[in-house]
Amino acid sequence: MVNTLAFDLGASSGRAVVGSLEGDHLSIVDTHRFPNEPVHVQGHMYWDILRLFHEIKQGLIATRLKGYTELQSIGIDTWAVDFGLLDINGDLLGNPYHYRDPQTDGIMEALLKRVPRSELFQQTGIQFLPFNTIYQLIALKQNHSPLLTQARTLLLIPELLRYFLTGKKISEWTVASTSQLCNPFTATWDHHLIEYLELPHYLFLKPQQPGSPSGTILPEIAAEVGYCELPVIAVAEHDTASAVIAVPAQEKDFAYLSCGTWSLLGTEVAAPVINQQALELNITNEGGINGSSRLLKNVTGLWLIQECRRIWRNEGLIATYEEEQSAIQKAEPFQSLINPDDPMFIHPIDMPQQIQKYCSETNQVVPQSPGALLRCIIESLALRYRFVLEQIEILTQKDFRGLHMVGGGAQNAILCQYTANALKRPVWAGPFEGTAIGNLLVQFLASGHIRDMQHARSIVRNSFSIETYEPTDTEVWEQAYRRFCTLFSA
Ligand code: LFR
């Protein structure tokens, strides 16, 4: 039996997960969990990066105390696009901004007046999201941020945390690809684009492929946490890339939905799909393992619910997950629908109020109770998934038999069932720990304990239970879908 350790950090929480591989069976154990709470200061939103690093060290200690004294390696995956800047001495300059920080408001639109949208897409293959690294850097430049003038190296969040552990500055391809500053064919930075934008070219280190060895933890950290000579692997460090690796698909062509704060829906392709249609549909080609591309679209996911919860908690309303589920079931179906991807929902102050505003402006019933709001969100998400899946099918000219749902959101039985209903196809839900499992699999691929991706996915099928949701009530869902498409044809 061989043990490896994954640190999997999402936008709302992080955890340390040990993976033990015995033959073709992988078992996982959570050894540490911690919240990831961004901090608002003077109109800005930051990641509490030093706290996150502290939690990584706590995770190492907790893992050892749980009896895992021998680890083959460790790996870190996190969300994408955000970064830290290092100065000439290798010290971190400032706190990394959260991708929902308002500094990027309006930046993308302004840049697209200078650079044609089609050209930027042609060069990078990346969807236009206002918070991509490219726009964050332009925002710093426009604000004459001293951070940018002093910076010598840019590291994306998982790379930065790995650097804190190892002292080695190494860029990793799956996460670098999300910046919208890379060429997906050469799997490296697009230096022409960087030059054109007048960004310092020396910030960017050549990305390494997922699975690359990246040194060992520093001696002082080894002494602090009680491990020595612990090797660190640059796994598929973008959490979504890790999640896609863990999709338990048997067939070559499959559709997936990685469901967490975001819902990432798409398929895996051998080469980037960059054409007029992909541009119009705003679909992305993020870097995957073994030169593959993740052809997908970001749908605003459980963020809508997480933000409602935050407000309700302060008001002493709904408290438990069970209360939420029963409130949804009691609420009237299809009263009001929203487009989850409307920019109104990127960083509102009060999500329930924002949804009410949206419904009122679109002349629909305004949901009042938490149950009505949650039902509106979940139905709208399921309908949006159908819309995006159909776009991916048009683009790839493929028909998918059903949808693999991985990640925490796949535990939400109502969401899975509604999605199956909306799609009129089965949903296969699981594993729920997709990102952490993908992280572990890449470490076993790197060590040669797993042969290839087919082997990796067969191990997932062999090790984790997967729930099937068959579609029901398809007629009413079809009607709702038509209404959804009329309301939001974008
Ligand atoms: C999911 C994710 C998405 C990315 C978003 C912001 O956790 O990594 O793939 O678009 O977060 O970084």
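Entry, ground rules. I number residues from 1 along each chain as its sequence is written. In this predicted model, local features need pLDDT of at least 70 and side-chain atom pairs count only at pLDDT 80 or more, while totals for chains, interfaces and linings use all residues.

Entry, ligand. I looked up the 14 residues around the ligand and found that Trp79, Ala80, Val81, Thr240 and Trp262 come nearest (C-beta atom, placed from the backbone, within 6 Å). Domain 1 (2-239) and domain 2 (247-430 + 451-490) both give residues to this shell, so the ligand lies between them; the bounds come from an automatic or database domain assignment.

Entry, helix H3. I took helices as DSSP runs of H or I with at least four residues, and strands as E runs of at least two, numbered from the N terminus. In H3 (residues 117-124), the buried residues are Leu120, Phe121, Gln123 and Thr124 (20 or more other C-beta atoms within 10 Å of a residue's own; exposed means 12 or fewer). They fall within an arc of 165 degrees seen down the axis, so they line one face of H3; the arc is that of the directions from the helix axis to the C-beta atoms. Ser118 and Glu119, on the other side of H3, are exposed. Just after H3, glycine 125 has a positive phi of about 70 degrees.

Entry, core. The largest nonpolar core has 143 residues (buried Ala, Val, Leu, Ile, Met, Phe, Trp, Tyr and Cys joined through C-beta atoms within 7 Å). Helix H15 (residues 370-396) gives the most to this core, with 15 residues.
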